[in-house]
Amino acid sequence: MGLVVGGAPVAPERLDRPLQDPLVRKLFPPLATGVHWGLERTERALELLGNPHRMYPTLHVGGTNGKGSVTTTLSSVLRRQGYRVGCYTSPHLCSFRERILVDGRPLDEETLLTHAREIRDVVVECGLTFFEAVTVLAFHLFARGRVDFAVMEVGLGGRLDATNVIRPEVAAVTNVAMDHADFLGDTLEEIAREKAGIMKEGVPFVTAEQAPGSRRVFEEVAAELGVRVSYVESGSVGNVAVHHDHTSFNVATRNWGSLELRTPLVGRHQAMNAALAVAVLDHLPEQHRPSVEAVRDGISGVEYHGRDELLHLGDVTWLLDVAHNTAGIASLVDTMDTLDLPGPTVALVGVLGDKEWEVMLPPLLDRVSLAVMTQPPTAPPERRWSPAEAAARVAGGTEIVVEDDFVRAFERARLAAVGGTIVVTGSVHTVGGAMKLLDREPLREFE
């Protein structure tokens, strides 16, 4: 019969479909991957291309968790205002085309390849890494696409991230949590300083970070630059109500008064993300500031997948969340505790090897009857974890099954959760792989 999904069999040929997006290999010749600090290569490449990143106003969003949600929400509101908007996020779930959107739509593969060919010589000459090349490609595409605005998500950290070549209208940091400690630092204060690196003299800086230590770092960096930091206080986001298909809340603003808002993104943390997006828009110069109607409509119309996303397919409820660090899992389990999800609850978990999975997983395991631990299907070889080692180290009262093969793990979870809920989490690679097998790729609606 083959793999069963939502009560119906999946065609065997779907299971043979590669989970890695082949477009990634076509864009550029082989380039360095990993983290290569410094802005010089990116700045040089952009200069050779005529500085396309200076041809439109920008917004810049960093942070440990939630920055993709904020970036996408900002883009949605600006589009409702009538702007033609470029939106740059990373990494992608299923298709590279998710990373670069113009006016809310992905570019077709041939357009991406054509523009990649236009900048290829510069990419090679400047010795760009893959992420640097993709960031330059986004700037180039936005200029060629004549966008009115671009919203840019930081890739890693902030200070030395390739996106930090812009001088935005407003810069924002969602929060600071432990992640990528090998690159950003071993303490929250060290990580906060890297993220504060997107501050620019004369540019408003907004954050939803609550911890005094990280705030103190922000204030120190801001004082050096003469920047005023504006905070979204947790107490200013009220009446938060989390439902299966939306989160409602209210927030006070400077220019629009008190707003009652609703986002289709699910979770208490999404109310704070949306409130931060509102604060960013609230700090825009008057000539760029959207109307209150655009704010309401843009937030209620945002579309962003794999973040506490609920799918009801046949006899199974799927909760898909890319949580890949301790703070992300804390938000996920808060959503699980808030929603009335049908049981039994099974977790399909695939984490990258450089994550703190020993700390991450226990709160999730406490809330499920079975955990199937697997290898994220598109994880780079050097970042793969050992599901068997993880199972042995975090074993407690929850039954754990180890299945390295992702498709077989997916099937095992599905068969164990009939009538109940499967929580897919641990990595964008894990959630993206599940979305492909469920035939729920984010770009399906555009095909």
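**Ground rules.** I'm looking at a predicted model, where local features need pLDDT of at least 70, side-chain atom pairs count only at pLDDT 80 or more, and totals for chains, interfaces and linings use all residues. Residues are numbered from 1 along each chain as its sequence is written, and side-chain values use heavy atoms, with hydrogens and water left out.

**Entry: helix α11.** Helices here are DSSP runs of H or I with at least four residues, strands are runs of E with at least two, and both are numbered from the N terminus. I looked up which residues of α11 (residues 292-300) are buried, and found V292, A294, V295, G298 and I299. Buried means under 20% relative accessible area, exposed over 50%, and partly exposed in between, using a 1.4 Å probe and protein chains only. Down the axis of α11, the buried residues fall within an arc of 160°, so they line one face of the helix. That arc is taken from the directions from the helix axis to the C-beta atoms. What do they pack against? The buried residues of α11 pack against α4 (67-80), β13 (258-263) and α10 (268-282).

**Entry: α15 and α16.** I checked how α15 (residues 406-416) meets α16 (residues 428-437): their axes come within 11 Å and cross at roughly 70°. Axes are lines fitted to C-alpha atoms, for helices over the stretch in contact, and angles run from 0 to 180 degrees between N-to-C directions. That makes α15 roughly perpendicular to α16, a label for angles of 65 to 115 degrees. On the α15 side I noted F406, V407 and F410, which meet T430, G433, A434 and L437 in α16. Contact means heavy atoms within 4.5 Å. The residues of this contact divide into five nonpolar, two polar and no charged. Ala, Val, Leu, Ile, Met, Phe, Trp, Tyr, Cys and Pro count as nonpolar, Asp, Glu, Lys and Arg as charged, and the others, Gly among them, as polar.

**Entry: aromatic pairs.** I found eight of them in the structure. Rings of Phe, Tyr and Trp (its six-membered ring) pair if their centres lie within 6.5 Å; planes under 30 degrees apart are stacked, over 60 edge-to-face, and the rest tilted. Y56 and F142 have ring centres 6.3 Å apart and planes at 80°, so the pair is edge-to-face. Y56 sits in the loop between α3 (40-48) and β3 (58-62), and F142 in helix α6 (residues 130-144), 86 residues apart. Both Y56 and F142 are buried. I also noted that ring pairs link W318, F406 and F410 into a cluster.

Technical notes
Angles under 35 degrees count as roughly parallel, over 145 as roughly antiparallel, 65 to 115 as roughly perpendicular and the rest as oblique.
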